[in-house]
Amino acid sequence: MTRNHPRPSRRTVLGGAVAALATAAGTAQAAHGSGWPTEFPLPDGWLPEGITIGGRPYAYLGSRANGAVYRADLRTGRGEVLHAGGTGLASIGLKLDRDGLLYVAGGGGGTARIVDARTGELLATHRLTDDAAPFVNDVVLHEDRAWFTDSRAAVLHGVPRGRAGRVRALPIGGEWVQAPAGTNSANGLVAAPDGSALIVVNAGRLYRVSLRTGHATVIALEGAADVTNGDGLVRVGRTLYVVQNRLNKVTVWSLDRHATTATLTRTITDPRFDVPTTAARWGDRLYLVNARFTSPQAPETTFNAVAVPR
């Protein structure tokens, strides 16, 4: 673990978070019928994949091109580059914590980075693996850790949240089926409703992975055979949203109490979807980024994010 900069104190950032939550209480309801834009552009050549939204109406979107982070105001659709990234870096999945810290999956760099969501300052970099060809893909915040998937290895990495501590590597076993070398397995992840496990999407299946043992069990699906091209996950209570990127849809599932069974309830489609990869929730909307994997991934390629009713 390498720390690049000293962190602000927990007390300082929590003070700002309390004020932010108070503001959010007044604005969250306004999003439901406010006429806020349902689509906003990203910089040309951004190469987006991840999106996160915290307690205030701002979306944070990572870039595969250089690891930068863009912050957009959901009320207006306008935004700016918050964190500049750098050559050879990538920002794939990302999550915003209550204390204003962004946890960013570093893709092929094999890292987890922590960025101050107010200033864009890089606070810490954790090297999660020494593997030659990793792909740290997505992240979820649960209890005292930020958990990261590595799509090229059967392991979850737990980075301590907002305090000193060691990164925990949790090997995945049980019914888990790892893809052949050089192809992707674990992708998006969320906490299970009972809090004792993580739900991870892998090669068209949903798995329940115990945080105590790493034992994985396949979640039985009712209403569909699989979740082909499953990418980002969002959970609200016992409702699970699965972004199926190249199929240009989001399937909505009802989980049982212990996340052993998922029942398909409906499917969200939209003509504006262009290989959406990840989603984040604000009020009664889901915001998704269009990665446009079937289009040229060039500096002049245009990208955007879109919102759909939840």
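The model is a predicted one. Its protein chain has one helix and 26 strands. Of the 310 residues in the chain, 54% count as buried.

**The chain as a whole**
- The protein chain exposes about 12,800 Å².
- Take the contacts in the protein chain with a separation of 6 or more: residues 24 or more positions apart account for 49% of them.

**A five-stranded sheet**
- Strands of a sheet pair through backbone hydrogen bonds, and the pairing is either parallel or antiparallel.
- Here, five strands form an open sheet with mixed pairing.
- Their order is β19-β23-β22-β21-β20.
- The edges are held by β19 (220-222) and β20 (230-236).
- Each of these two has a single partner strand, so one side of each is left without a neighbour in the sheet.
- From one strand to the next, the twist averages 30°.

**Inside that sheet: β20 and β21**
- Strand β21 covers residues 239-244 and runs antiparallel to β20.
- Five bridges join β20 and β21.
- V234 has Y241, in β21, as its bridge partner.

- Strand β4 spans residues 69-73, and strand β5 spans residues 79-83.
- These strands pair in the antiparallel sense, over four bridges.
- V69 has H83, in β5, as its bridge partner.
- Five residues lie between the strands of this hairpin.
- In this hairpin, G77 takes a positive phi near 85°.

Technical notes
Residues are numbered from 1 along each chain as its sequence is written. This is a predicted model: local features need pLDDT of at least 70, side-chain atom pairs count only at pLDDT 80 or more; totals for chains, interfaces and linings use all residues. Side-chain values use heavy atoms; hydrogens and water are left out. Two strands pair if DSSP finds at least two bridges between them. Axes are lines fitted to C-alpha atoms, for helices over the stretch in contact, and angles run from 0 to 180 degrees between N-to-C directions. Buried means under 20% relative accessible area, exposed over 50%, partly exposed in between (1.4 Å probe, protein chains only). Contact means heavy atoms within 4.5 Å. Accessible areas come from the Shrake-Rupley method with a 1.4 Å probe; for residues, only the protein chains shown count as cover.
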